[in-house]
Amino acid sequence: MTGDHDTSAPTGPGPSPQGAASPEGGNVPSGEVVAAFGGEVPSGEVVAAFGGVGEPVWLGGAWRAGPLVLKRVAFLPETLWRAEVLASLPESPEFRVARPVQASGEWVFHGWEAARLVAGEPDVRRQDDVLRAGAAFHAAIAHLPRPDFLDVRDDPWAHGDRVAWEERPVTSDAAGLLAPLVRARRPVGLPSQAVHGDLPGNVLFAPGLPPAIIDWPVYWRPAPWASAVAVADALCWYGATPGLAARWAHLPQWGQLLVRALIYRIVTDDLTLGEDGWTQDRVAAYHPVVDLAVTCARRS
């Protein structure tokens, strides 16, 4: 389903590790586990209102109830905008989306949103396929006007995005990772549009079906920036090699977009994890990717 940001990923970049629309699930977790994910079990009234069935099953970021996935609304204006877009988005042979579901004619009921379950599982080894699906999705939504909620959304991810694009100042050293990126940063002259800011792990694959794009955090940036975020994430956390960055270097101003993608992720990590979060392993994961981005920026 469409979703918001979740800092619970044990090894990933910070945003959503859910795979929330995957048909696989586990038993309902303990109250401590649910609290750690910042939510609670949807009530029977909520499940019934959206047309779900059975006891909710935890998916690691959302709840499955029969043919639906339910999730607590984190930022209402974004949820409502996204639901309208996804409900009216034409079918595509290149990607699927989890269609939102209404309860009594509304997208939100008692603070919950719901979407149709979509078949598939994330496969972070298939990053080229993730990027191709993302490009097709972005082409399909390129006509959308800028949503007003972006002016008021204020969370660590929004802050990191604004720092990356020089709309807010850099205020932290972040384990020494930011300085070379900031020095390499130059103006980018590309048009912005609505984009998906967290593709890796949020593209599901199922045999015989187009990839499914879920958990859409909305940003207003150049479409290739979303690809740069996905590549940076794959290099840092999902075992991708530098060849992935090289294969997508045909995208315009690629080095500058990689620089901004990393500033975005590092600043967000700094805010969500704090100083203690900069473990040796985490810094080591970022270092070679920072070096690669700086090298690419010098060439572009």
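Predicted model: local features only at pLDDT ≥ 70, side-chain atom pairs only at ≥ 80, totals over all residues.
Local features were taken at pLDDT of at least 70 and side-chain atom pairs at pLDDT 80 or more, whereas totals for chains, interfaces and linings use all residues. Residues are numbered from 1 along each chain as its sequence is written, and side-chain values rest on heavy atoms, with hydrogens and water left out.

The protein chain contains 10 helices and 11 strands, defined as DSSP runs numbered from the N terminus (helices, H or I, at least four residues; strands, E, at least two). Of its 300 residues, 56% are buried, where buried means under 20% relative accessible area with a 1.4 Å probe, counting protein chains only. The accessible surface of the chain is about 12600 Å², computed by the Shrake-Rupley method with a 1.4 Å probe; for residues, only the protein chains shown count as cover. Carbon and sulfur atoms contribute 54% of this surface. Among contacts (heavy atoms within 4.5 Å) between residues at least 6 apart in sequence, 75% link residues at least 24 apart.

Two residues were examined for their backbone angles. Most residues other than glycine have a negative phi. Ala174, which is not a glycine, has a positive phi near 50°. Ala174 lies in the loop between α5 (156-164) and α6 (178-184), and its relative accessibility of 3% is why it counts as buried.

Asp215 also is not a glycine and has a positive phi, of about 45°. The loop between β10 (212-213) and β11 (218-221) holds Asp215. With a relative accessible area of 0%, Asp215 is buried.

Notes. Buried < 20%, exposed > 50% of the residue type's maximum accessible area, 1.4 Å probe, protein only.
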